[in-house]
Amino acid sequence: MPFDQFIGQGNAITMLRRSLQQDMLSHAYLFSGVPGTPKDDMAIVFAQAMFCLLHDDDACGECMECKKIEHGNHANINILKSDTSSIKIDEIRDIKQKLELKLSESEKKVFIITDADKMTTPAANSMLKFLEEPASGIIFILTTSNMKSILPTIRSRSQWVPLAVMSNITVRDTLVKEGFSVVLVNTALKMTAGIDSARNLLQTNWFAELRTVMIQLVKECFKNPIAASIYAQQKIIKSTLSEYIDSMFDLFALFFKDFIYLGGGKETHILFEDEKQWMLEHVHKHTMERWMELMHLALESKKRLRYNVSPQLALEKFLFNMKGG
Ligand SMILES: [Zn+2]
């Protein structure tokens, strides 16, 4: 995957390509950016660009080297991605062992450490030693969403690569250009952080359906509460959508928020543009307080899932309350 997949990251890309073109790679890079910026993906592409057989300053994504890196089985690339809340000294010591294996003169070895801010102080100090006495051919790429937690001594020894925050408009336009519908894109962007997670959500086979079913369920509740329960049973509880009840609560909350906007005369703020007419016809069926209550109810129901309440039960209880039960 080439660098140009990272929309809005021109400055960072120019900086990285320049060091590749001039063959002036630093011993350490520190990619920073708010959650949702593609720091980790860019670290991989940068590593690919160092090894790519086709390009000198980019990754083709197709050659053997690029492929191996993409699949995580390139002998010269090590990725430390800690699943736990901290990166411990043992994990940095593993790197040290790998470093002791001799490299041939032209060979490069790349160590990518994601969420480097999770390093404990001993781990960070151990890391610092590598940076203080850099070995030829060894390149570290650290990524972080939290620059403040990176030791100043590590910061000062790394080439800083700040990633830009993409404006919401740029993100939306990019996804719409990729072929996703505007209303779905807008909804996905409210439920996730960053273009990649929004795209992942849009690419699932359930997201669009979940949104449609949620809207229909609210409509059924107005028309015929008994039919609404049957609808919920058939379309959610007894279907594969039952796995996504937590996301459904997000959708309910966003939908009710739109009613609050409409009631307050803020039509331009609404998310469910495609349902505007129906919402305008129904916004006065509840008081503002009631719409707010419903929104909070949805958020509360989602929270309850964290305490191991069964999703089906949470949904049934929510519907009962929504119907005014
Ligand atoms: Zn390549």
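How are H8 and H9 oriented to each other: parallel, antiparallel, perpendicular or oblique?

Analyst: The model is a predicted one. Helix H8 (residues 182–191) and helix H9 (residues 195–203) pack with their axes 9 Å apart, at an angle of about 125°. Angles of 65 to 115 degrees count as roughly perpendicular and those over 145 as roughly antiparallel; H8 and H9 are therefore oblique to each other. Their crossing is right-handed. On the H8 side, the contact is made by Leu184, Val185, Ala188, Leu189 and Met191, and H9 contributes Ala198, Leu201 and Leu202. By class, the contact of H8 with H9 comprises eight nonpolar residues, with no polar and no charged ones.

Helix H10 (residues 207–223) and helix H11 (residues 225–237) have axes that come within 7 Å and cross at roughly 160°. H10 and H11 are therefore roughly antiparallel to each other. H10 passes H11 in a right-handed crossing. H10 brings Val213, Gln216, Leu217, Glu220, Cys221 and Lys223 to the contact, while H11 brings Pro225, Ala227, Ala228, Tyr231, Ala232, Lys235 and Ile236. The residues in the contact of H10 with H11 divide into nine nonpolar, one polar and three charged.

There remains the sheet. Five strands form an open sheet with parallel pairing, in the order S2-S3-S4-S1-S5. Strand S2 (77–80) and strand S5 (159–162) are the edge strands, each pairing on one side only. On average, and with direction ignored, neighbouring strands of this sheet are turned by 15° against each other. Helix H2 (residues 39–51) lies across strand S1 (28–32), S2, S3 and strand S4 (138–144), and runs at about 165° to S4.

To return to the request, H8 and H9 are oblique to each other, and their contact has eight nonpolar residues and no charged ones.

Note on methods:
Residues are numbered from 1 along each chain as its sequence is written. This is a predicted model: local features need pLDDT of at least 70, side-chain atom pairs count only at pLDDT 80 or more; totals for chains, interfaces and linings use all residues. Axes are lines fitted to C-alpha atoms, for helices over the stretch in contact, and angles run from 0 to 180 degrees between N-to-C directions. Helices (H or I, at least four residues) and strands (E, at least two) are DSSP runs, numbered from the N terminus. Angles under 35 degrees count as roughly parallel, over 145 as roughly antiparallel, 65 to 115 as roughly perpendicular and the rest as oblique. A crossing is left-handed if the near helix is turned anticlockwise from the far one by less than a right angle, and right-handed if clockwise. Two residues are in contact if their C-beta atoms, placed from the backbone, lie within 7 Å. Ala, Val, Leu, Ile, Met, Phe, Trp, Tyr, Cys and Pro count as nonpolar, Asp, Glu, Lys and Arg as charged, and the others, Gly among them, as polar. Two strands pair if DSSP finds at least two bridges between them.
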